[in-house]
Amino acid sequence: VTLRSAFHKVAVAGAGAVGSYFGGMLARSGTEVVLIGRDAHVAAIRAGGLFLDSVRFQENIRVEATTELAAVADADLVLLCVKSYDTAGVAGQMAAHLGRDTLVASLQNGVENAGIVSAVTRHWTIPAVVYVAAELVGLGRVRHKARGDLVMGDLEGKRTGEVERVAALFESAHVPCRVSQNIRGELWLKLILNAAGNGVTTLARTSYGEVSRHPFGREVMAAVVREAEAVARAAGVELPGGDLVSTTINFAQSVGDALSSTLQDILRGKRTEIGALNGYIAERGRKYGVPTPVNSTLEALIRVLETTALDGPR
C-alpha cells in the first residue's frame, strides 16, 4: 500500500499559518489536501493558490480551500490546527462529519488538546508537537522562517503503527516527523519552550532572538523553565533529558528574528493562547502545590495586554 493510497485526502481544520504551512507542504508533494479556514484567506487561495515563502523555496501551490468544516467528511486524515481555546468547539462541529476510520492529529500548542478532541469526537487522536516559525503575511500567503518539523506519538502506546503511517506521509512531503515513545514528555517540553519564549517576547515586544541575547530576558526565561520543570516533576512527567534552561535559550536563538504566535496575536488585536501555556503551568502548579509566581505574572500581564489590545486603551 503506498502512502498516497493510504491517505487519499487530508483535511486541515484551522488553516492559519501553521495549518496552511503543513497542508501546503503535503499538497506540494502530491497529496490531495483541503484547507478549511476563514473567508478571506480561503477566497485568496481559491483565486490564486497558496503562496509559500519558505526558507527553502518560494512557490505557488494549487490546493482546495473551503470555509466549511463539513469538508472533513471524505478525509482519511484530519489535521486540527486551531487555537487551543477553540479545540472543544471545533471538535464538536467536526464530530458528525468524521468518517468511521478517519484519523485525527492535533497540531496545536498545549498538552491536552488530543485528549479533548478524543473525548468530544470519540475518535482516537494523535498528539503532535509542532516546531515551526510561520506567519500569515497576507491573504493566501505564508512566510516560513525556521524549523518546520513535527514529533508525534501515542499516549497509550497501543496504536504506534498508525502514528508511523502519518509520520511517513509527512516525511514523504519533506516535513521531518519523529515518532516518540514519550510523547507526553515531548508535549511538556514544547509547553515549556512556548511558556518561556512566548510570554517574555510578547511583554518585551520583540523576537525570540532579541530576548535570548538580553541578560534580563534570559533570566526571566530561565525562571519560567525552572518553575515549569518543578510542576512537571510533581505531575509525574518524564521530561526529555538535558539542561532545559540551555535548551530553551538555544531554541530561542535558533528561531532568531521570528515573532512568537502570542506576540503576533497581540499585534493583530486577537485573543492569545496564554491560558494553555503559562496559565496551564500556573493552574497545574496550584493543583500540585508548586509555586509558579513568574508564570502566573506573565499570564496576568498578557491577559491585561489582550483586553487593551482587543478593546483599545481605557
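Before you start: residues are numbered from 1 along each chain as its sequence is written, and side-chain values use heavy atoms, with hydrogens and water left out. Since we're working with a prediction, local features need pLDDT of at least 70 and side-chain atom pairs count only at pLDDT 80 or more, while totals for chains, interfaces and linings use all residues.

**Exercise 1.** Find out which residues touch the most other members of the largest nonpolar core.

*Solution.* Start with the term: a nonpolar core is a set of buried Ala, Val, Leu, Ile, Met, Phe, Trp, Tyr and Cys residues joined through side-chain atoms within 4.5 Å. Buried means under 20% relative accessible area, exposed over 50%, and partly exposed in between (1.4 Å probe, protein chains only). Among the 44 residues of this core, the top ones are Phe 22, Leu 35, Leu 79, Leu 107, Leu 150, Met 152 and Phe 170. Next, helix H2 (residues 17-28) gives the largest share, six residues; helices here are DSSP runs (H or I, at least four residues), numbered from the N terminus.

**Exercise 2.** Work out how many disulfides the structure holds.

*Solution.* Look for pairs of cysteine sulfur atoms within 2.5 Å. You'll find zero disulfides. Take Cys 81: its nearest cysteine sulfur, that of Cys 177, is 13 Å away. Cys 81 is buried, at 13% relative accessibility, and Cys 177 is buried at 8%.

**Exercise 3.** Decide whether Thr 201 is buried or exposed.

*Solution.* Then check its relative accessible area: at 1%, Thr 201 is buried.

Note on methods:
Helices (H or I, at least four residues) and strands (E, at least two) are DSSP runs, numbered from the N terminus.
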